Amino acid sequence: MALRVQLVLAVVVLVPALGVAAGGAALGVNYGQVADNLPPPQAAALLLRALNATRVKLYDADARVLSAFAGSGADFTVGLPDRLVPRLATDPSAAAAWVRDKILPHIPATSVTAVTVGNEVLTGNDSTMLRSLLPAMQSLHAALAACNLTSRVAVTTAHSLAVLSSSFPPSSAAFRRELLPYMTPLLAFLAKTNSPFLINAYPYFAYKADPDRVDLNYVLFEANAGVGDPATGLHYDNMLHAQVDAVRAAICKANYGKPVEIRVSETGWPSQGDGDEAGATPENAARYNGNLMRLVAQGKGTPAAPGEALQVYVFALFNEDMKPGPSSERHYGLFKPDGTPAYEVGVKAPTMGGSWKGRGNGTSGGGGGLVVAEGPGGADGAGPGTGLYTVSAAAHKVKRWRCWEESLFAAVVLVMASGLCWS
């Protein structure tokens, strides 16, 4: 009962102030579910809406989640699990069946804009998976084409930074030589299909590995002297931008053809860790994610591509108690499973524009979402926060969104009142 009451209170605080206004870039959030105590998708939808997260990334194609977001206009990236990659590579009918079972029942009510085929496959040690990745992507693209969905749903895959042989200075970066036979044709596929290159980038890992030499302010987007790239003359005041531009340089060196958009499919900071996990604190998590969200809301690009707003997916919506590995792996969430914030984040962001509607395959610009104003942390948004965004109504409210939010809230309250419990 305590968990249900806490979530209702969090939702009550957030729902009444929702609104839509003009301007800005959109935030993405990873919605992982490796846990046994998460709230229902309807509650997650309210929290994501309050965060101004107009893009959501799943690691599967959970029908419960996709159905819960029907009519919302949120743009979803769904995942095809690693275990299915070899099968899709050799059996086109398996790709057709997956599209028929996982995608078609939910569109157009739910906006599915991309499918990730596997996760960090090229840095695994399974040679069958490496050989199967691109054929599986091609098979899935063909299945989508048969349903006239390729203009709406992109096919891609996410990579870790370990695909690079080096990453600093950014201009010197290149893909690992042994991966080029797989990476080069994969890049050609992405360029041909107008699909993004996804990178999972965690400055936290660099700090954790060498806290004595890595400047904490540099990885947390705080004021610092920054670093320069002597080959380009570009100056970097945060590590995430340097990592993204390293990937950009590696793509250029692969010499495959047309440019490809780079998106950060995962980044975040844990609020708790084991004794040997330097920097894993609520304060650092709040600084990293709060500053990151401000950066995204401002629509800033990287030094090498300042005019291209960087699309970012924060990891993750909830703490996930069943994730294996060190303690930090279970503490990346912006929220605890009961719906209360995992730590305080005081954010002041500019007005965000347009109604919150899907955008095809997500390759076009534009925004949508909420006005996120300063909380009690101060006019500059840099002081101590409230733990929740202060979300204010904009001049132009979208009626269908208000109705959807009220319906969601009613659904959450009904779940609470029915005695169902997710703890």
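This is a predicted model: local features need pLDDT of at least 70, side-chain atom pairs count only at pLDDT 80 or more; totals for chains, interfaces and linings use all residues.
Some ground rules. Residues are numbered from 1 along each chain as its sequence is written. Local features need pLDDT of at least 70, side-chain atom pairs count only at pLDDT 80 or more, and totals for chains, interfaces and linings use all residues, while side-chain values use heavy atoms, with hydrogens and water left out.

Let's start with the second largest pocket. Its volume is about 410 Å³. A pocket here is an open set of points on a 1 Å grid over the protein atoms alone, where a 1.4 Å probe fits, with protein on both sides within 12 Å along at least five of seven lines. Volume means the space filled by probe spheres set on the points. The lining has 20 residues, and the closest to the centre are Tyr59, Asn119, Glu266, Phe315 and Lys323. A lining residue has an atom within 4 Å of a point. By class, nine are nonpolar, five polar and six charged. Ala, Val, Leu, Ile, Met, Phe, Trp, Tyr, Cys and Pro count as nonpolar, Asp, Glu, Lys and Arg as charged, and the others, Gly among them, as polar.

Now the aromatic rings. How many aromatic pairs does the structure hold? There are 13. Rings of Phe, Tyr and Trp (its six-membered ring) pair if their centres lie within 6.5 Å; planes under 30 degrees apart are stacked, over 60 edge-to-face, the rest tilted. Tyr202 and Phe205 make a tilted pair, 5.0 Å centre to centre with 35° between the planes. Tyr202 is buried, at 9% relative accessibility. Phe205 is partly exposed, at 40%. The cut-offs: buried is under 20% relative accessible area, exposed over 50%, partly exposed in between (1.4 Å probe, protein chains only).

Phe315 comes back here. Phe315 and Tyr332 pair edge-to-face, at 5.6 Å and 65°. Phe315 sits in strand β12 and Tyr332 in the loop between β12 and β13, so the pair ties together parts 17 residues apart in sequence. Both residues are buried. Strands are DSSP runs (E, at least two residues), helices likewise (H or I, at least four), numbered from the N terminus. Phe315 and Tyr332 also belong to one aromatic cluster, with Tyr59, Tyr202 and Phe205 among its members.

Last, helix α5, residues 92-103. Its twelve residues reach 16 Å from first C-alpha to last, close to the 16 Å expected at 1.5 Å a residue. The expected span is 1.5 Å times one less than the number of residues. Which residues of α5 are buried? Ala94, Ala95, Trp98, Val99 and Ile103. They cover an arc of only 140° around the axis, so they lie on the same side of α5. That arc uses the directions from the helix axis to the C-beta atoms.
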